[in-house]
Amino acid sequence: MSRAKQLFKKLDKLLSQHDTFGDTPEAFVNEVIGKLDGQINAIHDKNKPEHWAAIYVERDRARIKTDVLNKVMDRSSR
C-alpha cells in the first residue's frame, strides 16, 4: 500500500471515531493533522509524484462528495 493510501486509511479511521463534529468541524483539523504527522512526513520525505497525484485525486473526491452532500441537504430543506 502506498504511503498516500496509508494516509487516507488512517485519516478515514480517525474521522470515523467521531459521531459528530459539532458546529465547527474545522476545529478538528489541527488535531487530526497532529495524529497524521508520521504519515505526512513520510510522504514529504519520499516526495514521489504518484503520492502527490493520489493526494490531489483524493482531495477532488472530497470536494465532489461535499458538493453532492450539500445538494442533498438543500433538497431536504424544500
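The side chains of D60 and R59 meet in a salt bridge, with N and O 3.1 Å apart. The term salt bridge stands for a side-chain nitrogen of Lys or Arg within 4 Å of a carboxyl oxygen of Asp or Glu. The structure is a predicted model, in which local features need pLDDT of at least 70 and side-chain atom pairs count only at pLDDT 80 or more, while totals for chains, interfaces and linings use all residues. Residues are numbered from 1 along each chain as its sequence is written, and side-chain values use heavy atoms, with hydrogens and water left out.

The structure holds three salt bridges, and the table lists them.

| Salt bridge | N to O distance |
|---|---|
| D60 and R59 | 3.1 Å |
| E58 and R61 | 3.2 Å |
| K35 and E31 | 3.2 Å |

D60 counts as partly exposed because its relative accessibility is 32%. R59 is also partly exposed, with a relative accessible area of 35%. E58 and R61 both lie in helix α4, three residues apart, which is about one turn of the helix. Here E58 is partly exposed at 25%, whereas R61 is exposed at 51%. K35 and E31 both belong to helix α2, where four residues, about one turn of the helix, separate them. K35 has a relative accessible area of 40% and is therefore partly exposed; E31, at 38%, is partly exposed as well. Helices in this report are DSSP runs (H or I, at least four residues), numbered from the N terminus.

The report now turns to the packing of two helices. Two packed helices are described by the angle between their axes and the distance between the axes. The axes of helix α1 (residues 3-16) and α4 come within 8 Å and cross at roughly 35°. Such axes are lines fitted to C-alpha atoms, for helices over the stretch in contact, and angles run from 0 to 180 degrees between N-to-C directions. On the α1 side, R3, A4 and F8 meet H51, A54, I55 and E58 of α4. The residues of this contact divide into four nonpolar, one polar and two charged. In this division, Ala, Val, Leu, Ile, Met, Phe, Trp, Tyr, Cys and Pro count as nonpolar, Asp, Glu, Lys and Arg as charged, and the others, Gly among them, as polar. Contact means heavy atoms within 4.5 Å.

H51, in helix α4, is buried because its relative accessible area is 5%. When residues up to four places away in sequence are not counted, H51 touches S2, R3, A4, I43 and K46.

Helix α4 (residues 49-76) also contains I64, which is exposed at 56% relative accessibility. I64, V68 and V72 form a nonpolar patch on the surface, and their accessible area together is about 280 Å². Patches are made of residues with over 30% relative accessible area and no salt bridge; like charges are joined within 9 Å, and nonpolar side chains (Val, Leu, Ile, Met, Phe, Trp, Tyr) within 5 Å. Accessible areas come from the Shrake-Rupley method with a 1.4 Å probe, and for residues only the protein chains shown count as cover.

Two loop residues complete the account. N47 lies in the loop between α3 (37-46) and α4. Most residues other than glycine have a negative phi. N47 has a positive phi of about 50° although it is not a glycine. A27 is placed in the loop between α1 and α2 (29-35) and is exposed, with a relative accessible area of 55%. From C-alpha to C-alpha, A27 and R78 are 30 Å apart in space, and they are 51 residues apart in sequence.

Key. Buried < 20%, exposed > 50% of the residue type's maximum accessible area, 1.4 Å probe, protein only.
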